[in-house]
Amino acid sequence: MNKQELIKHLAADADVSNKQAEAVLNSLSAVVLERVRAGEQLVITDLGKFGVVERAAKVGRNPKTGESIQIAAKRAPKFTPAKALKDAAAR
């Protein structure tokens with residue numbers, strides 16, 4: 001399912017126009033991005049938890065040459081699915 005299909009599905013399910021459904025979806029995306037950028041968590045019950053994980057600097061190895069390389073520390077997005085989402089996928 002792509003974004004336009006999701007918008008149509010949301011509009012039909014909520015009995016609103018496609019334009020209103022798209023506005024809500026865009027707003028949700030903006031809030032998730034804003035919270036993740038700020039390093040905070042956003043929990044949506046029955047869907048999951050969006051957040052950020054801090055990855056420490058480490059020494060890696062180039063698999064082609066075997067040479068050691070320094071990998072910089074970074075922040076990465078993280079999504080943890082809720083139990084309801086895990087259960088739905090298992091069916």
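Visitor: What radius of gyration does the protein have, and what would a compact globule of 91 residues have?

Guide: The protein has 19 Å, whereas a compact globule of 91 residues would have a radius of gyration near 12 Å. This is a predicted model. Along the principal axes, the C-alpha atoms fill a box of roughly 60 × 35 × 25 Å. Of the 91 residues, 13% count as buried.

Visitor: Which elements does the protein contain, and in what order do they run?

Guide: There are three helices and five strands. Starting at the N terminus, the elements run α-α-β-β-β-β-β-α.

Visitor: How do the strands of a sheet pair?

Guide: In general, strands pair through backbone hydrogen bonds, and the arrangement is either parallel or antiparallel. Here three strands form an open sheet in the order 1-2-5, with antiparallel pairing. Strand 1 (42-44) and strand 5 each have a single partner strand, so each stands at an edge with one side left without a neighbour in the sheet. On average, neighbouring strands of this sheet are turned by 30° against each other, direction ignored.

Visitor: How many bridges join strand 1 to strand 2?

Guide: Three bridges join strand 1 to strand 2 (residues 48-55), and the two run antiparallel. Isoleucine 44 stands opposite glycine 48 in strand 2.

Methods
Residues are numbered from 1 along each chain as its sequence is written. This is a predicted model: local features need pLDDT of at least 70, side-chain atom pairs count only at pLDDT 80 or more; totals for chains, interfaces and linings use all residues. Side-chain values use heavy atoms; hydrogens and water are left out. Two strands pair if DSSP finds at least two bridges between them. Helices (H or I, at least four residues) and strands (E, at least two) are DSSP runs, numbered from the N terminus. Axes are lines fitted to C-alpha atoms, for helices over the stretch in contact, and angles run from 0 to 180 degrees between N-to-C directions. The radius of gyration is taken over C-alpha atoms; the globule rule is 2.2 Å times the number of residues to the power 0.38. Buried means under 20% relative accessible area, exposed over 50%, partly exposed in between (1.4 Å probe, protein chains only).
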